[in-house]
Amino acid sequence: EDLRDLFGGDIFEQLFGAFFRRGPAHHGKDIQTRVEIDLETVAHGASHSVQFRREQGCETCEASGCRSGTGPEKCSVCGGVGQVRIGDGFLVFPRTCPQCDGFGYTIPHPCAQCGGRGCHPVEVTVSIPIPAGVETGQKLRLDGEGDAGHRGGMAGDLYVDVVVGTHAFFERRGADIICERPISFPQAALGTTIDVPTLTG
């Protein structure tokens, strides 16, 4: 409060409020999943479908969290600021309002579908582009394919752990493909021509 008097209330809020005030929306969580691909996909690249569960915007309330015909109300605890001040005397610290979770408003009549959260869990299938040459342990990221943000926040990202499966004939060593083919002693001694399989036939 002494600093507010020194700088002036409005100027103090402009200078220091942004460091403590939470935004009006929550960014959606990132999701991590796993996909197993074969060696043919590694060689040429392809699209692969992956199924997972994520939070998606509620269609019933259009992600507002409010029941039809109603709207949010200013928080009675923080007065719409999203923060409350804790402390005594010179040491006063802002804290996220426990009533509205920092949003500055509450939803007295929540949507029956999402319970006021603005989103709900659904099963989705997403097509993932697999680049040629990908290796086990690499991560692919798809922007905006994670959980939906709460109350208008941006969606999170989807991270895909790649696992390259084993092959019946080939072994991969870096960028090389190794194929073992047994030959007889006369073939080794005299030389010969043999047929070997490849990834394309």
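**A predicted chain, residue by residue**

Thr 41 lies in helix H3, which covers residues 39–44. The model discussed here is predicted.

Biologist: Is Thr 41 buried or exposed?

Modeller: Buried means under 20% relative accessible area. Thr 41 has 14% relative accessibility, so Thr 41 counts as buried.

Biologist: Which side chain makes a polar contact with the side chain of Thr 41?

Modeller: Leaving aside neighbours within four places in sequence, Thr 41 is in contact with Ala 46 and Ile 130. The polar contact of the Thr 41 side chain, at 2.7 Å, is with the side chain of Asp 38.

Biologist: How many of the 201 residues, as a percentage, count as buried?

Modeller: The accessible surface of the chain is about 13000 Å², and 52% of that belongs to carbon and sulfur atoms. Among contacts with a separation of 6 or more, residues 24 or more positions apart account for 68%. The buried part of the 201 residues is 28%.

Biologist: How many disulfides does a search of the whole structure find?

Modeller: A disulfide is a pair of cysteine sulfur atoms within 2.5 Å. The search of the whole structure returns none. For Cys 114, which is in no disulfide, the nearest cysteine sulfur is that of Cys 61, 3.8 Å away. Cys 119 is also in no disulfide, its nearest cysteine sulfur being that of Cys 114 at 7.1 Å, and the count for the structure is zero.

Biologist: What is the relative accessible area of Cys 119?

Modeller: Cys 114 counts as buried because its relative accessibility is 8%. Cys 119 is buried as well, with a relative accessible area of 0%.

Biologist: Where is Ala 63 found?

Modeller: Ala 63 has a positive phi of about 65 degrees, although it is not a glycine. Its relative accessibility is 29%, so Ala 63 counts as partly exposed. Ala 63 is found in the loop between strand E2 and strand E3.

Biologist: What is the phi of Asp 101?

Modeller: Asp 101 sits in the loop between strand E5 (91–96) and strand E6 (105–106). At 38% relative accessibility, Asp 101 counts as partly exposed. Asp 101 is not a glycine, yet its phi is positive, at about 60 degrees.

Biologist: Which residues form a nonpolar patch on the surface?

Modeller: Leu 91 is found in strand E5. At 52% relative accessibility, Leu 91 counts as exposed. Together the members of the patch have about 340 Å² of accessible area, and they are Phe 90, Leu 91 and Phe 93.

Biologist: What separates the C-alpha atoms of Thr 200 and Glu 40?

Modeller: With 67% relative accessibility, Thr 200 counts as exposed. Thr 200 and Glu 40 are 160 residues apart along the chain, and their C-alpha atoms are separated by 8.2 Å.

Terms used: Residues are numbered from 1 along each chain as its sequence is written. This is a predicted model: local features need pLDDT of at least 70, side-chain atom pairs count only at pLDDT 80 or more; totals for chains, interfaces and linings use all residues. Side-chain values use heavy atoms; hydrogens and water are left out. Helices (H or I, at least four residues) and strands (E, at least two) are DSSP runs, numbered from the N terminus. Buried means under 20% relative accessible area, exposed over 50%, partly exposed in between (1.4 Å probe, protein chains only). A polar contact is a pair of N or O atoms within 3.5 Å; within protein, one must be able to donate a hydrogen and the other to accept it, and residues adjacent in sequence count only if both atoms are side-chain atoms. Contact means heavy atoms within 4.5 Å. Patches are made of residues with over 30% relative accessible area and no salt bridge: like charges are joined within 9 Å, nonpolar side chains (Val, Leu, Ile, Met, Phe, Trp, Tyr) within 5 Å. Accessible areas come from the Shrake-Rupley method with a 1.4 Å probe; for residues, only the protein chains shown count as cover. A salt bridge is a side-chain nitrogen of Lys or Arg within 4 Å of a carboxyl oxygen of Asp or Glu.
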